[in-house]
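Welcome, and thanks for taking a look at this one. Please have the sequence and the 3D view open side by side as you read.

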Amino acid sequence: MIRTSDEEGCSQEPPAEELLSIGQVSDRTGVARSALHYYEEVGLIASLRTAGNQRRYPRHLLRRISLITVGRQLGIGLSEIKSALAPVPMHHLPSEEDWLRATAQWKLVLEARRRAIEELEDRLMGCIGCGCLSMQACTLLNPHDQLSQQGTGARRLDQTETAE
């Protein structure tokens, strides 16, 4: 008997041949078992449980886990990934429409990332052109002179030396 770990899922359970153990999912996706546990804990993925309380993952979650991996490699936070994947059901095979809705959400996340990177690039080019890199005035290195609250002296150099 297999039961869902999240009872709000659909009423029809996938056939046993469509279920993968955590080891199989880890091998297929390259994601550590501990990360899969965490993804499940934060609601990014969901498993089914056997009578012996072993996790079983529907095969269709492999795509979802792969997208989570790609998002992480791009530096996208898990909360943003979760939001982008919200339209994609976990408890049954997603439809093409489900994936299209998720694609639209991913596009918004990626566009916001792109704008932030372009803004950073513009600010960096301004600093390189300016050449000042003033620890008091530079809005890139020390916005609003935040480091002055820690006292005088080279604060960033002190942190670098202790990190080595």
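Predicted model: local features only at pLDDT ≥ 70, side-chain atom pairs only at ≥ 80, totals over all residues.

The protein has six helices and four strands, and buried residues make up 30% of its 164 residues.

**Overall architecture**

- Reading from the N terminus, the elements follow the order β-β-α-α-β-β-α-α-α-α.
- Among contacts with a separation of 6 or more, 53% are between residues 24 or more positions apart.
- The accessible surface of the protein is about 10,800 Å², and carbon and sulfur atoms contribute 52% of that surface.

**Salt bridges**

- How many salt bridges does the protein have? The count comes to four, and three of these are described here, namely R59 with E18, E80 with R113 and R101 with D98.
- R59 and E18 meet through their side chains, at 3.6 Å from N to O. This pair links distant parts of the chain, 41 residues apart: R59 sits in the loop between β4 (55–58) and α3 (61–73), while E18 sits in the loop between β1 (3–4) and β2 (19–21).
- Both partners of that bridge have a share of accessible surface. R59 has a relative accessibility of 30% and counts as partly exposed, and E18 is partly exposed too, at 33%.
- E80 and R113 form a salt bridge with an N to O distance of 3.4 Å. This pair also links distant parts of the chain, as E80 belongs to helix α4 (residues 78–85) and R113 to helix α5, 33 residues apart.
- R101 pairs with D98, and their closest N and O atoms are 2.4 Å apart. The two residues are three residues apart in helix α5, so about one helical turn separates them.

**Surface patches**

- On the surface, a patch of negative charge is formed by E118, E119, E121 and D122.
- One of its members, E121, is located in helix α5 (residues 96–130). With a relative accessible area of 46%, E121 is partly exposed.
- There is also a nonpolar patch on the surface, made up of V70, L74 and L110. Together these residues have about 250 Å² of accessible area.
- L110 is partly exposed, with a relative accessible area of 34%.

- S26 is found in helix α1 (residues 22–29). Why does S26 count as buried? S26 counts as buried because its relative accessibility is 14%, and buried means under 20%.
- Setting aside neighbours within four places in sequence, S26 is in contact with V31, A32, R33 and L36.
- L67 has its place in helix α3 and counts as partly exposed, at 26% relative accessibility.
- Which residues does L67 touch, not counting those up to four places away in sequence? They are L85, W99 and W106.
- L67 and I81 are 14 residues apart along the chain, and 8.5 Å separates their C-alpha atoms.
- A86 lies in the loop between α4 and α5. A86 counts as exposed because its relative accessibility is 57%, and exposed means over 50%.
- The C-alpha atoms of A86 and R101 are separated by 9.0 Å, with the two residues 15 residues apart along the chain. R101 is also the residue that forms a salt bridge with D98.

Terms used
Residues numbered from 1 in each chain as written. Heavy atoms only, no water. Patch = residues over 30% accessible without salt bridge, like charges linked within 9 Å, V, L, I, M, F, W, Y side chains within 5 Å. Areas by Shrake-Rupley, 256 points an atom, 1.4 Å probe, with all protein chains shown as cover. Lys, Arg positive; Asp, Glu negative; His and termini not counted. Charge placed at Lys NZ, Arg CZ, Asp CG, Glu CD. Buried < 20%, exposed > 50% of the residue type's maximum accessible area, 1.4 Å probe, protein only. Contact = heavy atoms within 4.5 Å.
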